[in-house]
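Reader: I am new to this structure. Please take me through it step by step.

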Amino acid sequence: MTTDPILRMDNVTSGYGNTTVLHDVSIAVEDGQIACLIGPNGSGKSTLMKSIYGFADVQSGTVTLRGEEITGRSPQDNLANGMSYVLQDASVFPGMSVHENMLMGGYVFNDDDRAAARAEELYDEFPVLGDIRGQKAGTLSGGQRRLLELARALMVDPDVMMLDEPSIGLEPRFIDDVFERIEQLNDLGTTILLVEQNAEKGLSVADRGFVLASGEIKFTGTGTELLNDEEVGRLYLGG
Ligand SMILES: Nc1ncnc2c1ncn2[C@@H]1O[C@H](COP(=O)(O)OP(=O)(O)OP(=O)(O)O)[C@@H](O)[C@H]1O
């Protein structure tokens with residue numbers, strides 16, 4: 001069964017100022033899916049997410065969330081509208097506690113009680129985070145910090161969450177844990193669009209995959225279809 005896509009890009013050409021990075025890109029992510037974007041370095045994966053979120057310039061084409069056009073909206077508006085984005089270089093505030101970092105994730109509420117209540121819900125969901133809520137974020141391990149970044153982005157209870165390279169910089173022993181967390185977020189009902197350098201890992205959790213090269217979508221399929229595609233394997237999965 002298919003549902004209407006929750007997030008779409010239709011014929012988007014975009015970049016930065018006069019520089020064009022993406023050419024005529026169309027993707028559709030259905031409600032409740034995990035979608036994964038793979039492709040070589042510099043192919044425009046981060047730019048695709050930035051074009052959805054208002055960090056890059058859409059030169060033509062449209063971006064749609066829940067059927068409503070959001071092309072060119074600001075990141076703040078997108079966050080308030082139920083979409084969160086964990087940037088590749090997302091960082092925690094090292095001098096603040098885990099809990100204070102969580103509250104920052106709910107700043108758009110303008111309501112301290114509501115933010116605190118939402119943080120408690122997330123500690124129930126991720127007890128490891130609740131256990132260290134008083135600890136300064138700068139003292140966390142890489143895996144704990146990534147979990148905090150993910151949980152902080154959940155403070156607004158987003159319908160759609162975009163994650164740019166969630167496994168980057170993590171020790172191998174934490175990588176499986178992060179992917180389990182991503183599947184857990186998805187089980188809670190959040191639609192996820194993920195950029196992942198570890199293409200096999202990313203596609204293995206994905207309902208839908210997109211291969212981007214030189215700013216164009218070259219292949220689309222289910223995660224399994226792309227993993228099993230001979231050409232995708234040879235060109236983009238290292239054999
Ligand atoms: N702020 C910017 N201004 C101008 N050009 C940019 C900007 N950010 C990225 N680019 C260019 O856009 C192209 C695509 O970069 P992008 O970061 O989207 O690729 P990527 O596929 O995410 O790469 P990586 O896997 O290395 O993160 C690159 O040529 C890059 O130099």
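Author: Ile34 stands opposite Ile192 in β8. The model is a predicted one: local features need pLDDT of at least 70, side-chain atom pairs count only at pLDDT 80 or more, and totals for chains, interfaces and linings use all residues. Residues are numbered from 1 along each chain as its sequence is written.

Reader: Which strand does β8 join through four bridges?

Author: Strands here are DSSP runs of E with at least two residues, helices are runs of H or I with at least four, and both are numbered from the N terminus. Two strands pair if DSSP finds at least two bridges between them. Four bridges link β8 to a strand that covers residues 34-38, and the two run parallel. That strand is β3.

Reader: How many bridges pair β7 with β8?

Author: β7 covers residues 160-164 and pairs with β8 in the parallel sense. Within β8, Val195 has Asp164 opposite. The number of bridges between β7 and β8 is five.

Reader: Which helix makes a β-α-β unit with β7 and β8?

Author: The unit is right-handed: with the strands pointing away from the viewer, the path from the first strand over the helix to the second runs clockwise. Its helix covers residues 172-187. The helix is α7.

Reader: Why is β8 largely enclosed by the rest of the structure?

Author: A residue is buried if 20 or more other C-beta atoms, placed from the backbone, lie within 10 Å of its own. Thr191, Leu193 and Val195 are buried on one side of β8, and Ile192 and Leu194 on the other. β8 is largely enclosed because its buried residues number five of five.

Reader: How many residues does the largest nonpolar core have?

Author: In soluble globular proteins, nonpolar side chains tend to be buried together. A nonpolar core is a set of buried Ala, Val, Leu, Ile, Met, Phe, Trp, Tyr and Cys residues joined through C-beta atoms within 7 Å. Among those with the most contacts inside the largest one are Cys36, Met162 and Leu193. Its residue count is 60.

Reader: Is Leu147 buried or exposed?

Author: Leu147 lies in helix α6, residues 142-153. Beyond four places in sequence, its contacts (C-beta atoms, placed from the backbone, within 7 Å) are Phe126, Val128, Leu129 and Arg181. With 21 other C-beta atoms within 10 Å, Leu147 is buried.

Reader: Which residue takes a positive phi in the hairpin of β4 and β5?

Author: β4 and β5 pair over two bridges. Leu65 has Glu68 as its bridge partner, and Thr64 stands opposite Glu69. Two residues lie between the strands, and the phi in question is near 50°. The residue is Arg66.

Note on methods. A residue is buried if 20 or more other C-beta atoms lie within 10 Å of its own, exposed if 12 or fewer, and partly exposed in between; C-beta atoms are placed from the backbone. Two residues are in contact if their C-beta atoms, placed from the backbone, lie within 7 Å.
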